[in-house]
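Dear colleague,

Please find below the structure that I am handing over to you.

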Amino acid sequence: MIRQLAHVCFFTDRLEQMIDFYTNKLGLNIKFTLDNKDNKPFGYYFECGHSTFLEVFDQALAVHEWGGEVGDLVNRAYYQHLCFEVTDLKAFRQHLISQGISVTEIAEGLDRSIQAWVDDPDGNAIELMEYTINSLQLRGQPR
């Protein structure tokens, strides 16, 4: 069941400025990065306390990695999804299905956590994430 908000995700066309703002201006630490197929960092997880994070992706590199189209980042286009950390994702997924909610299959993400996705009634994407013993959110990134 839902334990806490895990992260909020944004796309940006100004990744370096975002990194500077959140680390040097606000004082957040980078817990880990997500690297694309070319081993280039394109996503950054900023620690916000109590295993909660702000997730920021370079839009063009994310589109290159996962597909879609690069677009103008105006209005709500910066916001990508919110994520709830859950316990027992398998059981929670079954509960949602029993409530008539469409839920994706459970898959492991690049961060080594398991996840499933739902949309709220307005179509906002919600990631349901369960940390594993290998999750970068808990272990950090090996260097």
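A disulfide is counted here when a pair of cysteine sulfur atoms lies within 2.5 Å. By that criterion, the structure holds 0 disulfides. Please bear in mind throughout that this is a predicted model.

Cys 9 takes part in no disulfide, and the nearest cysteine sulfur to it, that of Cys 83, is 9.5 Å away. Cys 83 is likewise in no disulfide, with the sulfur of Cys 9 as its nearest, at 9.5 Å.

Turning to the overall fold, the protein chain contains 4 helices and 8 strands. Along the sequence these elements follow the pattern β-α-β-β-β-α-β-α-β-β-β-α. The radius of gyration is 15 Å, close to the 15 Å that the globule rule gives for 143 residues, so the chain is as compact as a globular protein of that length. Its C-alpha atoms fill a box of roughly 45 × 35 × 30 Å, taken along the principal axes.

How much of the chain is buried? Buried residues make up 42% of the 143 residues. Of the contacts with a separation of 6 or more, 54% are between residues 24 or more positions apart. The accessible surface of the chain comes to about 8,300 Å², and carbon and sulfur atoms account for 51% of that area. As for charge, the chain carries 12 positive and 21 negative side chains, and the centres of these two sets lie 6 Å apart.

Met 18 is found in helix H1, which covers residues 15-25. Its relative accessible area is 19%, and Met 18 therefore counts as buried, the cut-off being under 20%. Leaving aside residues up to four places away in sequence, Met 18 touches Thr 12, Phe 46 and Val 56. Met 18 and Asp 58 are 40 residues apart in sequence, while their C-alpha atoms are 9.7 Å apart in space.

Two residues other than glycine have a positive phi. For Asn 39 the angle is near 60°, and this residue sits in the loop between strand E2 (30-35) and strand E3 (41-47). Asn 39 counts as exposed, at 63% relative accessibility. For Ser 51 the angle is about 55°, and its place is in the loop between E3 and strand E4 (53-58). Ser 51 counts as partly exposed, at 22% relative accessibility.

The loop between E3 and E4 is also the place of His 50. This histidine counts as exposed, with a relative accessibility of 73%. Which residue is found 88 positions from His 50 along the chain, with its C-alpha atom 10 Å away? That residue is Leu 138.

How values were computed
Residues numbered from 1 in each chain as written. Predicted model: local features only at pLDDT ≥ 70, side-chain atom pairs only at ≥ 80, totals over all residues. Heavy atoms only, no water. Helix = DSSP H or I, 4+ residues; strand = E, 2+ residues; numbered from the N terminus. Rg over C-alpha atoms; globule rule 2.2 N^0.38 Å. Buried < 20%, exposed > 50% of the residue type's maximum accessible area, 1.4 Å probe, protein only. Contact = heavy atoms within 4.5 Å. Areas by Shrake-Rupley, 256 points an atom, 1.4 Å probe, with all protein chains shown as cover. Lys, Arg positive; Asp, Glu negative; His and termini not counted. Charge placed at Lys NZ, Arg CZ, Asp CG, Glu CD.
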